Amino acid sequence: MTQDQLKKPARTKFWMTVVLMVVLFWVSAKSTDATFSELFEGLPQIGVLLAKMFPPDWSYFSYVVDPMLETIRMALLGATFGAIIAIPLALLSASNVFESNWIVQPFRFILNLIRTIPDLLLAAIFVAIFGLGPLPGIWALTIFSLGIIAKLTYESIEAIDRGPLEAMTAVGANKIQWIFFGVIPQVLPQFLSYSIYTFEINVRAAAVLGLVGAGGIGIFYERTLGFFQYDRVASIIIFTLVVVLLIDYISTKIREKLI
């Protein structure tokens with residue numbers, strides 16, 4: 001086949017994909033009553049809102065330091081508890097550790113179910129159970145972290161080198177020894193990296209859990225937005241951005257050392 005003949009199917013697939021995307025875009029816009037005219041009419045309101053947000057109320061920083069620290073503590077506890085619970089679930093979901101589908105598939109289904117529920121919904125559920133405060137947020141972030149860490153960890157377990165495992169099996173090692181000395185040492189760096197990465201995500205997630213009463217700085221977002229104090233909203237956003245960027249930088253450096 002000539003080069004042009006080889007390129008022709010690729011071009012056909014490209015244009016088919018373009019047409020499919022256009023059709024899906026049009027159907028989605030039609031079903032949601034979204035139009036470009038509404039979009040362009042709403043764009044000037046962005047400028048109006050930004051004008052109300054600047055200059056930020058810098059004096060408001062003193063009021064949000066403690067809630068931000070509470071947000072970080074919630075994120076840290078949620079990631080820690082989630083990582084601890086994720087260890088057995090990840091092992092039970094790895095097909096090269098437990099080969100029976102009667103064990104692996106139910107636990108994978110549980111992890112899929114956990115990841116299906118949004119963190120805000122989890123927080124709202126736990127607020128209904130425990131009441132207002134940081135405790136519902138910690139529980140919500142624990143479940144949220146569990147789903148992420150367990151999923152990533154069991155995929156790492158399935159990609160480990162089977163050589164040490166086969167050697168341990170040959171000398172009569174039992175399942176517990178097999179896991180502790182053959183599996184965990186190979187996935188520990190990735191597990192720690194995933195846990196730190198989840199902590200990063202939790203900081204962002206915890207910043208808005210207060211909107212449903214689950215503690216943290218999100219409560220101040222709700223208050224300031226509710227009273228249209230957009231200059232204070234801008235202060236909270238800037239403060240949150242600085243904290244998130246700092247945490248991202250530190251955690252990235254730590255994860256680089258681990259992997």
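This is a predicted model: local features need pLDDT of at least 70, side-chain atom pairs count only at pLDDT 80 or more; totals for chains, interfaces and linings use all residues.
Residues are numbered from 1 along each chain as its sequence is written, and side-chain values use heavy atoms, with hydrogens and water left out. Local features require a pLDDT of at least 70, side-chain atom pairs count only at pLDDT 80 or more, and totals for chains, interfaces and linings use all residues.

A search of the whole structure identified 4 salt bridges, a salt bridge being a side-chain nitrogen of Lys or Arg within 4 Å of a carboxyl oxygen of Asp or Glu. One of them joins Arg108 to Glu158, with the closest N and O atoms 2.2 Å apart. This pair links distant parts of the chain, since Arg108 lies in helix 4 (residues 101-116) and Glu158 in helix 6 (residues 134-158), 50 residues apart. Helices (H or I, at least four residues) are DSSP runs numbered from the N terminus. Arg108 is buried at 18% relative accessible area, whereas Glu158 is partly exposed at 31%; buried denotes under 20%, exposed over 50%, and partly exposed the range in between (1.4 Å probe, protein chains only).

Helix 6 also contains the pair Glu155 and Lys151, which are 4 residues apart, about one turn of the helix. Their closest N and O atoms are separated by 2.9 Å. Glu155 is partly exposed, at 37% relative accessible area, and Lys151 is partly exposed at 21%.

A further salt bridge connects Arg204 with Asp248 at a closest N and O separation of 2.5 Å. Arg204 belongs to helix 8 (residues 175-209) and Asp248 to helix 10 (residues 230-258), so the pair ties together parts 44 residues apart in sequence. Arg204 is partly exposed at 38% relative accessibility, while Asp248 is buried at 16%.

Note on methods
Helices (H or I, at least four residues) and strands (E, at least two) are DSSP runs, numbered from the N terminus.
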